[in-house]
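The sequence and model come first, followed by the notes.

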Amino acid sequence: MTNTNDSDEDGPRVPVVCPACETTSRVPLSDVADAIDRHNDRLHDGDDIAEVDPDVADQIADLVATELGLLDDET
């Protein structure tokens, strides 16, 4: 295991997929929005093609909803 002072390198990395380019990359969480915008601007004329992996986005949304109590079925 290596030690580094760059917290982005040690922090969570989010998979970003681009079906048009047939690529997947892992981007530090703090850079996701900018990385997607740069990719789409540079390669797809700004069209929203690249995105956070939809399966991961759904899992994150479920975790947040559960944490906020939005999925509680108790009545």
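Buried means under 20% relative accessible area, exposed means over 50%, and partly exposed is in between, with a 1.4 Å probe and protein chains only. By that criterion, 5 of the 6 residues of strand β1 are buried, so the strand is mostly covered. Helices (H or I, at least four residues) and strands (E, at least two) are DSSP runs numbered from the N terminus.

This is a predicted model, in which local features need pLDDT of at least 70, side-chain atom pairs count only at pLDDT 80 or more, and totals for chains, interfaces and linings use all residues. Residues are numbered from 1 along each chain as its sequence is written, and side-chain values use heavy atoms, with hydrogens and water left out.

**Confidence**

- The mean pLDDT (the predictor's confidence in each residue, from 0 to 100) is 86 for the chain, and 83% of the residues score at least 70.
- Where pLDDT is low, the predicted coordinates should not be read in detail.

**Overall layout**

- The chain contains 3 helices and 3 strands, arranged along the sequence as α-β-β-α-β-α.
- Of the 75 residues in the chain, 21% are buried.
- Taking contacts between residues at least 6 apart in sequence, 32% join residues at least 24 apart.

**Sheet**

- The 3 strands form an open sheet in the order β2-β1-β3, with antiparallel pairing; two strands pair if DSSP finds at least two bridges between them.
- β2 and β3 are the edge strands, each pairing on one side only.
- β1 (13–18) is joined to β2 (residues 23–28) by 6 bridges, and the two run antiparallel.
- Across this pairing, Val 14 stands opposite Val 27, and Val 17 stands opposite Thr 24.
- β1 is also joined to β3 (residues 51–52), by 2 bridges and again antiparallel.
- On the β3 side, Val 52 is the bridge partner of Val 16.

**Nonpolar core**

- A nonpolar core is a set of buried Ala, Val, Leu, Ile, Met, Phe, Trp, Tyr and Cys residues joined through side-chain atoms within 4.5 Å.
- The largest such core has 8 residues: Val 14, Val 16, Cys 18, Val 27, Val 32, Ala 35, Ile 36 and Ala 50.
- β1 and α2 each supply at least two residues of this core.
- Beyond four places in sequence, Val 16 has contacts that include Val 27, Ile 36 and Ala 50, along with Thr 23, Glu 51, Val 52 and Asp 53.

**Asp 53**

- Asp 53 lies in the loop between β3 and α3 (54–67).
- Asp 53 is buried but has no salt bridge, a salt bridge being a side-chain nitrogen of Lys or Arg within 4 Å of a carboxyl oxygen of Asp or Glu.
- The nearest side chain of opposite charge is that of Arg 26, 7.2 Å away; in this count Lys and Arg are positive and Asp and Glu negative, while His and the chain ends are not counted.
- Not counting residues up to four places away in sequence, Asp 53 touches Pro 15, Val 16 and Val 17.

**Loop residues**

- Glu 22 is in the loop between β1 and β2, a hairpin with 4 residues between the strands.
- Glu 22 is not a glycine, yet has a positive phi of about 55°; its relative accessible area is 74%, so Glu 22 is exposed.
- Asp 45, in the loop between α2 and β3, also has a positive phi, about 50°, although it is not a glycine.
- Asp 45 counts as exposed because its relative accessibility is 75%.
- Ile 49 lies in the loop between α2 and β3 and counts as partly exposed because its relative accessibility is 29%.
- The C-alpha atoms of Ile 49 and Val 17 are separated by 8.6 Å, with the two residues 32 apart along the chain.
- Leaving out residues up to four places away in sequence, Ile 49 touches Val 17, Cys 18, Pro 19, Ala 20, Asn 40 and His 44.

Conventions. Contact means heavy atoms within 4.5 Å.
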